[in-house]
Amino acid sequence: MSEKRFKPNTIMVPVPSRSIVPERDAGRHPVLETSHLGIEFGGLKAVDDVNLAVGPTEICGLIGPNGAGKTTVFNLLTKVYQPTNGTILLNGKDTSGITTEQANRMGIARTFQNIRLFNNMTVEENVTIGLHNQIKYSLFTGMFRLPGYWKAEKAQHKRAMELLDIFDMTSLASAKAGSLPYGAQRRLEIVRALATNPSLLLLDEPAAGMNPHETEELMSNIIKIRDQFQIAIMLIEHDMNLVMGICEGICVLNYGRVIAKGTPDEIQSNPAVIEAYLGKKKEGGK
């Protein structure tokens with residue numbers, strides 16, 4: 001893995017939410033801020049007191065051992081779960097009580113650990129589903145196939161092909177999504193999320209199941225997405241080469257709590273992080 005090719009060279013600066021964002025984002029409002037975020041299931045605190053901020057063009061990582069609460073945080077951010085405690089601000093607006101669809105309309109999109117495509121639909125149809133928030137026509141116009149319908153359909157096709165082109169997938173537009181190789185299905189899920197026009201894209205283990213070549217290609221594409229769309233990207237990932245290679249800020253969870261926040265270099269040398277991943281050494285170094 002050619003880590004040097006991707007390794008970010010970004011100065012991180014503090015923001016009021018006790019987190020850090022890239023220096024280029026310092027004068028702008030964070031796209032995401034959480035304050036004392038938490039949720040309980042039957043009295044058990046699955047996530048507790050999570051405070052973080054994500055800059056408008058930041059690539060950040062949310063990492064931790066299995067069961068640390070990472071996907072639960074994503075579910076809270078996307079309103080699959082409603083928090084028991086704390087607040088979530090998206091582009092400065094409180095998301096309390098809103099639905100998953102409303103959160104998506106506010107600018108947050110995600111992919112999943114387990115790929116969730118419409119396998120019997122074409123690649124293009126999967127992408128156009130993500131465009132439903134942006135290209136509209138009335139029920140009357142759709143039923144009678146009036147000019148407004150065909151105009152919207154043409155615009156939808158054009159936008160879907162533009163998005164597929166980012167991942168060199170235009171030649172696959174008419175293929176069934178379920179027939180694609182695993183890596184291509186992963187890319188399609190990201191394209192579909194981008195179709196909703198997010199300001200924050202959440203990627204849940206995007207490199208899972210990928211070979212080293214596909215992972216390196218994914219790293220390049222994540223940077224391309226950030227630069228081309230000027231959006232923030234937060235990812236959960238166990239591939240530390242990927243995380244340390246492209247993430248500018250990293251938040252580490254363990255047992256539902258934040259144990260460290262910092263740059264890749266700071267995280268790699270943090271004793272609490274090393275202990276969480278490797279376990280505490282016994283006396284005598286054994």
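Mentor: Accessible areas, which we will need in a moment, come from the Shrake-Rupley method with a 1.4 Å probe. In this predicted model, the accessible surface of the chain comes to about 14,000 Å², and 52% of that surface belongs to carbon and sulfur atoms. The largest pocket has a volume of about 480 Å³, and its lining is made up of 19 residues, among which Asn104, Arg110, Phe112, Arg192 and Thr196 lie nearest the centre. Two or more lining residues come from each of helix H3 (100-106), strand E8 (108-110), helix H4 (123-130) and helix H7 (182-194), and it is H3 that gives the most, with four residues. Sorted by class, the lining of this pocket holds eight nonpolar, six polar and five charged residues.

Of the contacts between residues at least 6 apart in sequence, 69% join residues that are at least 24 apart. As for confidence, the mean pLDDT of the chain is 89, with 88% of residues reaching 70 or more. Among the elements, strand E10 (residues 232-236) has the highest mean pLDDT, at 98, whereas helix H1 (residues 3-6) has the lowest, at 56. Over residues 282-286 pLDDT stays under 50, and for that stretch the model has one contact beyond four places in sequence.

Conventions. Residues are numbered from 1 along each chain as its sequence is written. This is a predicted model: local features need pLDDT of at least 70, side-chain atom pairs count only at pLDDT 80 or more; totals for chains, interfaces and linings use all residues. Side-chain values use heavy atoms; hydrogens and water are left out. On a 1 Å grid over the protein atoms alone, a cavity is a set of points where a 1.4 Å probe fits but cannot get out, and a pocket is an open set with protein on both sides within 12 Å along at least five of seven lines; lining residues have an atom within 4 Å of a point. Grid points are joined across faces, edges and corners, and a volume is the space filled by probe spheres set on the points. Ala, Val, Leu, Ile, Met, Phe, Trp, Tyr, Cys and Pro count as nonpolar, Asp, Glu, Lys and Arg as charged, and the others, Gly among them, as polar. Contact means heavy atoms within 4.5 Å. pLDDT is the predictor's confidence in each residue, from 0 to 100.
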